[in-house]
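Student: I am new to this one. Could we look at it together and talk through how its parts meet?

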Amino acid sequence: MKRLMLGNEAAARGAYEAGATVAAAYPGTPSTEITENMAKYDGVYVEWSPNEKVALEVAIGGSLGGARSICSMKHVGLNVASDPLFTVSYTGVNGGLVLLVADDPGMHSSQNEQDSRHYARAAKVPMLEPSDSQECLDYVKQAFEISESFDCPVIVRLSTRISHSQSAVKTGERADYKLKDYNKDFTKYVMMPAMARKRHVEVEKRMLALQEYSETTDLNSIEWGSKKIGVITSGIAYQYAKEAFGDVSYLKIGMVYPLPDKLIAKFASEMETLYVVEELEPFFEDHIKKLGIKVTGKDLLPLMGELTAQLIKEKMLGVKQEVNEPLVDNVPVRPPVMCPGCPHRGMHYVLHKLKLTATGDIGCYTLGALPPTESIDTCICMGASIGTAHGMEKARGAEFAQKTVAVIGDSTFIHSGITSLIDVVYNKGNSTVLILDNSITAMTGFQPNPTTGYTIKGEVTRQVDLVKLAQAIGVERVRVANPFDIKEFEKIVKEETAAAEPSVIISKSPCALSKDVKFGGALKINQEKCKRCKQCLALGCPAIVNKGDFVETDEALCVGCMLCTIVCSFQAFEETGEKAGAKNG
Amino acid sequence: MRKMDKLSIMIVGVGGQGTLLASRILGVIAFKMNYDVKVSEVHGMSQRGGSVVTYVKYGPKIYSPLIEKGEADIILAFEKLEALRWTEYLKKDGMMIINEQEIDPLPVITGAAKYPSEIINTINRQYKNVFTLNALKIARECGNLKAVNIVLLGVMAAKTAIPKQIWDEAIRETVPAKVLNVNIEAFNAGYQAI
């Protein structure tokens, strides 16, 4: 059967067809839908883990336990999971182990655009890279075969445009994969120095065998065309190159590590001009140059952002697409914005008002860094807010801590904030930590997490009690606050930042997009009561519209969260009685 | 009417307006007509009220899922400012269907920028094949403000040669059952709007 599938959906299908029975992940754009789709299949254990390191460890356990197992993550998730990765490369596998890692060239939804291919080389594990949804399915299946044949984990590298593009996929049946026996073997699975030294020898042997495999596998293939130009490329860049170059010759790389040296040399020897088309780092190019082959790549193409067919045409072939003149200059940008009814809005308003330094974290609340509140000072990686606040205090003194808060969501706190909070308590810091608890992983699209109360399969489970957890760590000042009650919220923040000891404020309110959240409906501004003071605009609410001479609400967007009624000194916001627009349907 | 054996369609709007569903429906339509098709979607943070664009391309063989400047046959614009932002992507003889709704971006709300005036007239000056309507009003009349996306598809259906039957099937397969009726109504209202 053929149907349209997202790359992520097809990758999940590949794992299913390969007979995988264990899947673990932490959500992260653009990888999230892989695991969401795995959860739709019966006969597969699927979990959202607290973070990528745990997820990979679960998948490693699944593999050692004899099951085919997958673990999915975004590129920066692999940083978190890299610790187990580098050593499972030594132990090897029992049941096949496949990591699905989605890069984000162009940073559509990420804090950096690192190139995961370097991890394959660094950890000495093979890596495949599909170029459309069908290949996502096929390559994941093949990755399991490679994993078991060569006794190693295999990474399948995706990217935003592969993960989030739909194309036609032919699906097959699920393989009848038998759970392998588990045999205790400390020489293979216990990586103490004496055993690890022996395993490293095996790793190097394996890399040579994989190198030979790369020369002959149909994952790497030549499409012969005109020999005036030869293009070496992979993944989504292959699609752009096909459109840009047309009928030339291509060496399409499906196995990006280790690379097929002999195949590359053979291909190169027949071409008049050789180009490498790859996004981000000159990973192929550096290797090919090391082989002594003359090739053109990053001296023409950028190291940053996504490629496009037009960009390749222009830079490599000197052909510039005729385009229309822009109709106007300076079309106002439209950055993402916190939703109408978002519980973070009131919190940001208070941080801004109190002029606090706020170390931030990864989540929708990072958007508070933008005008009008500009209330977030830093954003580095998952969990960084608390350690950063603690370090700033140690650099600048306890008084500075009284004007500082760390801001972190519930899912991010579980992911990697808990250890930093322990650090604050243990090392006698005074940080105030604001945990924004909407009990869901909202930014990536509503994945349940350990604070939610149910699993990815919708089964009821225990909820982490954040108050007790903070207390158990040794935080004596733990408060729960409602971010829609701005005045009380402000009072609590003032008291806790002033305290000369660590404190945790749990800002508790569900995400505005949650189906359980019901607001009263759109508000309108009574223009006779409105004094045009524009204080309400300081909320940065997309439903409050500045018309220059006056301010009005956008009734199609307003949900009636009532935050503006607290900020307005003139009671100008009134209920319309209309059902909230953004919540319909 | 435009030839229909190869089309590049962009759907532009503001995160939350339902552009994703519209592009999925168009993908299903192309698939039903047995073309090679790619639909490039947007997920994650940019969905939160930001400028969003999805691409639907179909034809005998599609490589890149992206549509670049000057390549779009059709742009469905869910919001006026977004129509203006992406006009350069339209072919000179391309068609644009614009929902007249205005949603202020944050720089306009904070006063750092002004919402451009005369957007429709500006676009009309350079492009001949532009249709505008108040899709939000039509969606409201159909009973669901979120049906703006389907209203716009209705307009597109009326302006292209793709059989109405295929549209109907694709909507029924893609839209959740509990809002199907209101969406069928929205589609028909869009179909008759211009």
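Tutor: Happy to! A salt bridge here is a side-chain nitrogen of Lys or Arg within 4 Å of a carboxyl oxygen of Asp or Glu. Keep in mind that this is a predicted model.

Student: Which residue of chain B meets the side chain of A:E243 in a salt bridge?
Tutor: We need a Lys or Arg nitrogen within 4 Å of a carboxyl oxygen. The N to O distance for this pair is 3.5 Å, so it falls within that 4 Å limit. The partner of A:E243 is B:K57.

Student: How many salt bridges are there between chain A and chain B?
Tutor: The pair A:E243 and B:K57 is one salt bridge with a side chain from each chain. A search of the whole structure, over all chains, finds 47 salt bridges. Between chain A and chain B, the count is five.

Student: How much area do chain A and chain B bury between them?
Tutor: The contact draws on 66 residues from chain A and 61 residues from chain B. Carbon and sulfur atoms account for 58% of the buried area. The area itself is about 5300 Å².

Student: In chain A, which residues lose the most area to chain B?
Tutor: Let's stay with the chain A side of this contact. Three residues there together make up 17% of what that side buries. They are A:N324, A:L327 and A:R334.

Student: Which helix of chain A gives the most to the side that touches chain B?
Tutor: Several elements of chain A each supply at least two residues to that side, including strand 1 (2-6), helix 10 (235-245) and helix 13 (309-317). By class, the side has 34 nonpolar, 19 polar and 13 charged residues. The element that gives the most, with five residues, is helix 10.

Student: What is the bridge partner of A:S165 in strand 2 of chain B?
Tutor: Strand 8 of chain A covers 165-170. The partner of A:S165 is B:S40.

Student: Now for a look inside chain A. How far apart are the centres of domain 3 and domain 4?
Tutor: Chain A is divided into four stretches: domain 1 (2-216), domain 2 (221-317), domain 3 (344-508) and domain 4 (523-575). The contact between domain 3 and domain 4 takes nine residues from domain 3 and 11 residues from domain 4. Taken over C-alpha atoms, their centres are separated by 28 Å.

Student: Which residues of domain 3 lose the most area to domain 4?
Tutor: The two domains bury about 890 Å² between them, with 72% from carbon and sulfur atoms. On the domain 3 side, three residues together give 62% of what is buried. These are A:R345, A:Y349 and A:F484.

Student: How many residue pairs are in polar contact across the interface of domain 3 and domain 4?
Tutor: The count of salt bridges between these domains is zero. Polar contacts are another matter, and both residues of each pair counted have pLDDT 80 or more. The number of pairs is three.

Student: Which helix supplies the largest share of the domain 3 side?
Tutor: Helix 14 (344-353) and helix 20 (486-498) each supply at least two residues of the side that touches domain 4. That side divides into five nonpolar, two polar and two charged residues. The largest share, three residues, comes from helix 14.

How values were computed:
Residues numbered from 1 in each chain as written. Chains lettered and ligands numbered in written order. Predicted model: local features only at pLDDT ≥ 70, side-chain atom pairs only at ≥ 80, totals over all residues. Heavy atoms only, no water. Domains from an automatic or database assignment. Contact = heavy atoms within 4.5 Å. Buried area = accessible area lost by both parts, 1.4 Å probe. Polar contact = N/O pair within 3.5 Å; in protein donor to acceptor, adjacent residues only side chain to side chain. Helix = DSSP H or I, 4+ residues; strand = E, 2+ residues; numbered from the N terminus. Nonpolar A, V, L, I, M, F, W, Y, C, P; charged D, E, K, R; others polar. Pairing = 2+ DSSP bridges.
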